[in-house]
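Welcome! Please take a moment to look over the sequence and the model, and then read on for a short tour.

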Amino acid sequence: MDVKEFVEDKIKEIKATVRSERAISALSGGVDSSTCTVLAHRAIGENLKVIFIDDGLMREKEAEEVSGTFKDMGIRVDIIDAQVEFFEALKGKIDPEEKRKAFRNVFYTVFGREVLKSEAKFLIQGTIAADIIETKGGVKTQHNILEQIGIDPEKGYGFKVVEPLKDLFKHQVREVAKELGLPEEIHQRMPFPGPGLATRVIGEVTPEKVSLVRKATKIVEEEIVPLKPFQAFAVLLNDKGTGIEEGQRKFGNIIIVRSVESKDAMTAEPTEVPWEILMNISKRITTEIPEVTRVAYETTPKPPATIEYI
Ligand code: XMP
């Protein structure tokens, strides 16, 4: 792929499709949505409205950091606080696909409201090739494959979907991001799933559990930096493990640390994390998050496992 050519072609294509209408982009801060947002902004400028839906399932300080980065690039981002709606919809849901369904229903409800307000006729969406392949292959329904989940956005909300990155894999999107001048913190950002930390809480997703897994994720990300893995994160299990506190039995939470190497997320290998780093992660998690009594490192490749737990 000639990256320069790709960028020029896509800008032309978006211009020709959207013309003088308005378009909207829901930014998550990940490399895919950031890249297509910048492409669209180059193509149609102020006719692009950029929103960041704060679902309460993001990593620490993600909303502020992402809107700050885009502000520095001259792109205004409106933060839509929908945390209560998301947690309400996830209440009592245990089944992974049910959780995904609940998440995307709220996502499209909130998003639909914003589309109507903005009078946008186009949605710029950062769908990439792996999302389509996995959804069509029945591995899991990524939240952004509209037709696959029975939503006709034109009928429901009156907008058409534009997916400039749908033929690219993650490493190619990173090249495009670099070409567009996106900062390293974005083009080298680890992939983060659409349903956010909801994919990393096994069982019911509550604000308390999300807060716990968010703290653990931050520790994993900080400690694993020198290894530059494809993706590393923490997962909170739905069971308790026995621990000891001041000589007394204590039931605490169990965190799984997952770190994988991959090129396109279609297959993955566990990262060979040096023992010292694993020990630091384990020690920091159990001391900084007293509700956790056990930390384990996962060694399963993809396949047979997938990268995320839901
Ligand atoms: P899996 O778990 O299928 O993940 O091995 C492959 C890659 O996709 C990310 N992922 C998602 N990304 N929406 C997204 O935008 C989703 O619903 C979703 N589910 C998984 C995952 O983090 C990994 O990089």
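Which residues in α1 meet which residues in α2? On the α1 side they are V7, K10, I11, I14, K15 and V18, and they meet L39, A40, R42, A43 and I44 in α2; contact here means heavy atoms within 4.5 Å. The residues of this contact divide into eight nonpolar, no polar and three charged, where Ala, Val, Leu, Ile, Met, Phe, Trp, Tyr, Cys and Pro count as nonpolar, Asp, Glu, Lys and Arg as charged, and the others, Gly among them, as polar.

A word on the background: this is a predicted model, in which local features need pLDDT of at least 70 and side-chain atom pairs count only at pLDDT 80 or more, while totals for chains, interfaces and linings use all residues. Residues are numbered from 1 along each chain as its sequence is written, and side-chain values use heavy atoms, with hydrogens and water left out.

Back to the helices. The axes of α1 (residues 3-18) and α2 (residues 31-44) come within 8 Å and cross at roughly 60°. Axes are lines fitted to C-alpha atoms, for helices over the stretch in contact, with angles from 0 to 180 degrees between N-to-C directions. Helices (H or I, at least four residues) and strands (E, at least two) are DSSP runs, numbered from the N terminus.

Five strands form an open sheet in the order β3-β2-β1-β4-β5, with parallel pairing; two strands pair if DSSP finds at least two bridges between them. β3 (77-81) and β5 (160-162) stand at the edges with a single partner strand each, so one side of each is left without a neighbour in the sheet. From one strand to the next, the twist averages 30°. Within the sheet, β1 (residues 23-26) and β4 (residues 122-124) pair in the parallel sense over three bridges, and A23 has F122 as its bridge partner in β4.

| Cis peptide bond | Omega |
|---|---|
| K302 to P303 | about -10° |
| P303 to P304 | near 10° |

P303 lies in the segment after β9 (292-297), and P304 lies in the segment after β9 too.
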